[in-house]
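Student: Can we go through the side-chain contacts in this one? Start with whatever I need to know before we look at charged pairs.
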Amino acid sequence: MDAAISIRMLDGGDAELFRTLRLHALRSAPEAFGSSYEDEAGLSLNQFRQRLDDRPNAVFGAFADARLVGMAVLQ
């Protein structure tokens with residue numbers, strides 16, 4: 001059975017999930033980003049938390065059950 005996908009806006013409580021997926025994406029497809037893995041790997045979890053809580057930016061996450069499997073950032 002396929003997992004249902006849900007989409008919601010991420011907030012600071014999702015920082016660890018967001019950091020893990022973003023660093024993976026930066027390593028896997030660096031050409032898709034305006035940053036690099038090396039630049040962001042050194043950022044603290046609190047810096048990722050702040051990024052999610054800053055407005056007017058919005059980060060949406062796609063979840064398969066409780067696992068973050070995709071994201072979109074709107075600035």
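Tutor: A salt bridge here is a side-chain nitrogen of Lys or Arg within 4 Å of a carboxyl oxygen of Asp or Glu. Keep in mind that the model is predicted.

Student: Fine. How many salt bridges does a search of the whole structure find?

Tutor: The search gives three salt bridges.

Student: Take Glu40 and Arg51, then. What is the N to O distance?

Tutor: Their side chains meet at 3.0 Å, N to O, which counts as a salt bridge because the cut-off is 4 Å.

Student: Which helices do those two lie in?

Tutor: Glu40 is in helix 2 and Arg51 in helix 3, residues 45-53, so the pair ties together parts eleven residues apart in sequence.

Student: Are Glu40 and Arg22 buried or exposed?

Tutor: Glu40 is buried, at 4% relative accessible area. Arg22 is buried too, at 11%.

Student: And Arg51, what is its relative accessible area?

Tutor: Arg51 has 27%, which makes it partly exposed. Through shared partners, the salt bridges join Arg22, Glu40 and Arg51 into one network.

Student: What about Asp14, which residue does its side chain meet?

Tutor: Asp14 forms a salt bridge with Arg8, at 2.9 Å from N to O. Asp14 counts as buried, with 7% relative accessibility, while Arg8 is partly exposed at 37%.

Student: Switching topic. Which residues make up the largest nonpolar core?

Tutor: It has nine residues: Leu10, Ala15, Phe18, Leu21, Phe48, Leu52, Val59, Phe63 and Leu68. Helix 1, helix 3 and strand 2 (58-64) are the elements that give two or more residues to this core.

Student: Which element gives the largest share?

Tutor: Helix 1 does, with three residues.

Student: OK, aromatics. How many aromatic pairs does the count come to?

Tutor: The count is one aromatic pair. The ring centres of Phe18 and Phe48 are 5.9 Å apart and the planes are at 70°, so the arrangement is edge-to-face. This pair links distant parts of the chain, with Phe18 in helix 1 and Phe48 in helix 3, 30 residues apart.

Student: How accessible are those two, Phe18 and Phe48?

Tutor: Both count as buried: Phe18 has a relative accessible area of 1%, and Phe48 has 0%.

Student: Last one. Which charged side chain lies over the face of Phe48?

Tutor: Arg51, at 5.2 Å from the ring centre. Arg51 is also the residue that meets Glu40 in a salt bridge. Elsewhere, the charged end of Arg27 sits over the ring of Tyr37, 4.0 Å from the centre of that ring.

Methods
Residues are numbered from 1 along each chain as its sequence is written. This is a predicted model: local features need pLDDT of at least 70, side-chain atom pairs count only at pLDDT 80 or more; totals for chains, interfaces and linings use all residues. Side-chain values use heavy atoms; hydrogens and water are left out. Buried means under 20% relative accessible area, exposed over 50%, partly exposed in between (1.4 Å probe, protein chains only). Helices (H or I, at least four residues) and strands (E, at least two) are DSSP runs, numbered from the N terminus. A nonpolar core is a set of buried Ala, Val, Leu, Ile, Met, Phe, Trp, Tyr and Cys residues joined through side-chain atoms within 4.5 Å. Rings of Phe, Tyr and Trp (its six-membered ring) pair if their centres lie within 6.5 Å; planes under 30 degrees apart count as stacked, over 60 as edge-to-face and the rest as tilted. A charge sits over a ring if NZ of Lys or CZ of Arg is within 6 Å of the ring centre and within 35 degrees of the ring normal.
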